[in-house]
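Please follow the contacts between the chains of this assembly, and then the sheet inside one of them, with the sequence and the coordinates open beside the text.

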Amino acid sequence: MATTAIAAADPAVDAVRRRPGLLRRFRRYPLPALGVLLLAALVTSAIGAPWFAGQDPFEMNVVDRLQPPSGDYWFGTDAYGRDIFSRTLHGGRVSLVIGVAVAAASTLIGLLIGVVAGYFRTADAVLMRIMDGLMAIPGILLAIALMSLTRASLWVVIVAITIPEVPRVVRLVRAVVLSVREQVYIQAATAIGTNFPRLMLKHILPNTLAPLIVQATYIAASAVLVESYLSFLGVGTPPEVPSWGNIIAEGRLYVQIAFWNILFPSVFLALMVLSINVLGDGLRDMLDPRLARRL
Amino acid sequence: MTGLAVSQPVLVVEGLRTEFATGEGHPMVAVDGLSLYVRRGETLCIVGESGCGKSLTALSILRLLPRPYGRIGAGRVLLDGQDLVQVTEAEMRAVRGRAISMIFQEPMSSLNPVITIGRQIAETVMVHEGLDWADCMDRALAMLRQVRIPEPERRLQEYPHQLSGGMRQRVTIAMALACRPRLLLADEPTTALDVTIQAQILDLIRDLQAKTGTAVVLITHDLGVVAEMAERVLVMYAGTKVEEAGVEELFDNPTHPYTRGLMAAMPHLGGAGGGRRRLHEIEGVVPSLMARPAGCAFAPRCELATERCRREAPPLVGIGGTHSVACWVTAGEGVLA
Amino acid sequence: MTPVLDVAGLVKHYPLSAAWFGRARGQVRAVDGVSFAIGEGETLGLVGESGCGKSTVGKAVLKLIEPSAGSIRLNGEDITALKPAAMVAHRRRMQVIFQDPYSSLNPRMTAGNIVAEPLINFGIGNRAEQQERVAALFGRVGLRPDQRDNYPHEFSGGQRQRLGIARALALGPSLIIGDEPVSALDVSVQAQVINLMMDLQEEYRLSYLFIAHDLGVVEHISHRVAVMYLGKIVEVAPRAALFEAPRHPYTEALLAAVPVSHPRQRRRRLVLKGDVPSPINPPSGCRFHTRCPIAVERCRSEEPLLVADTDGHAAACHLREPAR
């Protein structure tokens, strides 16, 4: 009897299975959707800068110094007569590279260290003390120190921003691993002879994915911001590269007579950080199973 | 068994319908047309499996349905003649904890972890009876004594986490009875406890009830607890009452196929007889409230189901005395058996 | 004949968290010297109240936790000291069904992959053969093969427990440890799962260590029953002897506490006073003496041994020793 007792499919369960379409998701999460659109526009403008910008960001027209926005120069020109529109779009490329590189590097390194710390109790104590130490180093100080050791370059900026972000990822991953390894289904997997690599890959790591993606967006946003203020202070991206921080730093001197020098790069910077953060919040809501299960 | 004369019911529920908004148009009906009553000093057991609506019945009586989804769609809940569905929220607050108290399965969830036991009980008394603090603490101490907690003076100063599960449930009972309620709703009060502790708590509820004359509605999935405690029993399935009877009548003469199945499926001591034998099974699973079958909700799992059962929901009909059953097939034979 | 499982003097102590650089302040003596054996095709029921150590015994036998002392023999082979990697080979013969069918299945894996995983782990068959075996297992435990692509949350509690059983059966084990396998289920579904486990036992000559707190369930499924109290077995006997003529006062109290099955059987019961003492500093002598209705002076000082009579009925009680 027991063996033939096959339960009928539950229509309520079937309803849950249906994946909501893209349009429905947009309607349910309007703000993140706007964030995605805005971010897509910014990314496109940055990647396509050489084609959209029209003018060379480095070309100096001494005659047209500090011109206000006009038909020729949409965002105006700076003290050397360079086109701010072109420089701002090109500056987006720097921010984009740094945001993506820092997010990728810190999540990958953090994931590795976090898994080891979460799973091996002996390594945990040592690793976490090192992470505590790293967290205590202010990013600016590290950047200044690195800069004084080597020449200013994009790489140094990436390294300087990545190092203080790694411990945050480690803490997150470690917390997830620690809670998941106590789950009964991990014991169950051990009992059916699952080896360590598979246990990690199939049963433990998938749980870290959702929080990691969300964390990565926040890191990207903060990296974009940190790059700007490092550049603004003159310890970031080399001054010859048009990054938003550099443009704002140079425009600062003429703010009273040519505010557009800092207005446009600042607006782009704010929009970029805002759109990434809104996207992160949206992802968190969508990926958090506790919220998703609310039906 | 309490020796009290048959009196007016303390609580009468008529045609209670509890619904949940689903966001898909039709509300989900969790309790459908339920009627019950319980008299002073009497114990009514509501028995059924998870999802049958027995806990939601208790929450509906207290108007504690989860907001904003749950609501009472129809019916009356009369406490000594006053319809609790109609009263204001402020009036309802005065009813909860004073006229009607509730104890839950997990005692830790109804105790505040950062307030001492003594203060928690005393505050309940203070809110409802407005005595001064010293009198309230005296009442708290008396209640702890009454629920037979050893060293009650010391326990007054302790926090919930310092007590064992059984002791915690005693504390929630002390809290529930501190204002001498007319009705006690107990939702699976012993399910989280070990058998020896369960026996202590059941004895305690019975003794206190005999002393105070409180009416008790005991919600459980365990027919053993029903056999121990009930005077009358109400069997629920998928949100509806399928059978109601005095406890001895129900155990002697279970009539609804679901009640019969439940009794046969329950492993009980000595039930195995000489050798290991198979238990009776009820095939399939409890239907989801989202997809209640037409007709009798039990029909898809019922061995006796006919075409009529699948089409038309059976009404509850009396089959002698206080025994009533909602079944097209067995209601007629019940009188004969 | 060698028993399928032979446990001798099993001990599991958990050190209480120590202060910095200090020594541990004590130990939780979760399991404190437990011995039993299970033969082929036999079910040993292991009952006791929460905190008595019955689940710890199960986990130690499965080597999901490291035992502190004692020996565990599986089909005559000592597996006590095996490292996790060496243990893997023995897992084919010993499987487990957990209590909570909700948390024991990985929510991110499909039902089919959950049941196929043990086959993948041991490289049994190719992909097609594995799929075939999974379909057969689904049928055997009463699930439809087309439910393979569903995720655990799409199943009811009883169906999930069937999935857990299918996964445990996949490797063709000789011993299955059931850690409260039916206590989270509704009565009507519980009966289905108990019957399924009994059918499978007959079909595959399985041995069960059936850990439970519900005496009614244990009486139904067990051939022999062991009763645990505070980390020790206080009584072990064939089923009929234990339920009809219990010797240990704790077993008597446990049986007396079970609710009656008919309202006319209501009676004044032997109700045990108080709670189970802490396993950190268990009582001296007989651990039950603080709650025992018949305890005498000797019980406080001298620990009773588990003495078996010729029928294999053993009880650890000074006052209820079998006639020799």
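C:Glu117 forms a salt bridge with A:Arg198, and their closest N and O atoms lie 3.0 Å apart; the model in which this pair is found is a predicted one. Across the interface of chain C and chain A, one salt bridge is found by the rule, alongside ten residue pairs in polar contact, both residues of each pair being at pLDDT 80 or more. On the side of chain C that touches chain A, two or more residues each come from strand E6 (94–97), helix H3 (111–121), helix H4 (127–140), helix H5 (157–169) and helix H6 (187–204) of chain C. The residues on that side of chain C divide into 13 nonpolar, twelve polar and eleven charged.

Taken as a whole, this interface brings 36 residues of chain C into contact with 24 residues of chain A. The area buried between chain C and chain A is about 2,600 Å², with carbon and sulfur atoms giving 56% of it. Of the area that chain C buries against chain A, 20% is supplied by C:Arg108, C:Arg144 and C:Glu154, which is more than any other three residues supply.

Chain C also meets chain B, where 46 residues of chain C are in contact with 50 residues of chain B and the buried area is about 4,200 Å², of which 51% is given by carbon and sulfur atoms. The rule finds two salt bridges across this interface, and one of the salt bridges in the model joins the side chains of B:Glu248 and C:Arg264 at 2.7 Å, N to O. There are also 15 residue pairs in polar contact between chain C and chain B, with both residues at pLDDT 80 or more. The elements of chain C that give two or more residues to the side touching chain B are H6, helix H7 (215–221), helix H8 (239–244) and helix H9 (249–257), and H6(C) gives the most, with eleven residues. The residues on this side of chain C comprise 19 nonpolar, 15 polar and twelve charged.

Within chain B, four strands form an open, antiparallel sheet in the order E2-E1-E4-E5. Strand E2 (28–39) and strand E5 (82–83) of chain B stand at the edges with a single partner strand each, so one side of each has no neighbour in the sheet. Strand E1 (residues 9–20) and strand E4 (residues 70–79) of chain B pair in the antiparallel sense over eight bridges, and B:Val12 has B:Leu78 as its bridge partner in E4(B). Across E1, E2 and E4 of chain B lies helix H1 (residues 54–61) of chain B, which runs at about 110° to E1(B).

Technical notes. Residues numbered from 1 in each chain as written. Chains lettered and ligands numbered in written order. Predicted model: local features only at pLDDT ≥ 70, side-chain atom pairs only at ≥ 80, totals over all residues. Heavy atoms only, no water. Pairing = 2+ DSSP bridges. Contact = heavy atoms within 4.5 Å. Axes fitted to C-alpha atoms, helices over the stretch in contact; angles between N-to-C directions. Buried area = accessible area lost by both parts, 1.4 Å probe. Salt bridge = Lys/Arg side-chain N within 4 Å of Asp/Glu carboxyl O. Polar contact = N/O pair within 3.5 Å; in protein donor to acceptor, adjacent residues only side chain to side chain. Nonpolar A, V, L, I, M, F, W, Y, C, P; charged D, E, K, R; others polar.
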